[in-house]
Amino acid sequence: MRCSVYFPAVIAGLVGIDDVLAGNWTQLSAGPWSGREGLMVASTQGKLVLTGGRTSSGAGFLGEGWTSTDGGGWALAAKA
């Protein structure tokens with residue numbers, strides 16, 4: 001199972017906060033990474049940074065980082 005990246009449509013500039021609170025989301029990408037859970041995403045210096053997580057079965061740490069400037073295109077930034 002692959003992870004998909006969903007960000008509130010308000011971030012994409014498509015709708016207002018009321019729509020987001022109502023659960024309206026826009027899929028921007030079906031990320032290039034393997035399926036995982038427990039990952040972290042942060043925003044810094046104009047980029048989204050996705051790090052870590054573990055396999056979908058909950059075992060095995062995935063030591064890699066991905067970056068994106070738009071939430072649609074992702075590049076491998078680091079692999080431990």
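This is a predicted model: local features need pLDDT of at least 70, side-chain atom pairs count only at pLDDT 80 or more; totals for chains, interfaces and linings use all residues.
1. Searching the whole structure turns up two aromatic pairs; here rings of Phe, Tyr and Trp (its six-membered ring) count as paired if their centres lie within 6.5 Å.

2. Residues are numbered from 1 along each chain as its sequence is written, and side-chain values use heavy atoms, with hydrogens and water left out.

3. Back to the tryptophans. W33 and W74 are both buried, meaning under 20% relative accessible area with a 1.4 Å probe, protein chains only. Ring pairs join W33, W66 and W74 into a cluster.

4. As for the overall layout, the protein chain has one helix and eight strands, in the order β-α-β-β-β-β-β-β-β from the N terminus. These are DSSP runs, with helices as H or I of at least four residues and strands as E of at least two. Of the 80 residues in the protein chain, 29% are buried.

5. Now the sheet: four strands form an open one, ordered β4-β5-β7-β8 with antiparallel pairing (two strands pair if DSSP finds at least two bridges between them). At the edges are β4 (40–44) and β8, each with a single partner strand, so one side of each has no neighbour in the sheet. On average, neighbouring strands here are turned by 25° against each other, direction ignored; the axes are lines fitted to C-alpha atoms, and angles run from 0 to 180 degrees between N-to-C directions.

6. At the β4 end, five bridges connect β4 to the antiparallel β5 (residues 47–51). M40 has T51 in β5 as its bridge partner.

7. At the β8 end, β7 (residues 64–68) and β8 (residues 75–79) pair in the antiparallel sense over four bridges, and E64 sits opposite K79 in β8. Six residues lie between the strands of this hairpin, and G71 takes a positive phi near 75° there.

Note on methods
Rings of Phe, Tyr and Trp (its six-membered ring) pair if their centres lie within 6.5 Å; planes under 30 degrees apart count as stacked, over 60 as edge-to-face and the rest as tilted. Buried means under 20% relative accessible area, exposed over 50%, partly exposed in between (1.4 Å probe, protein chains only).
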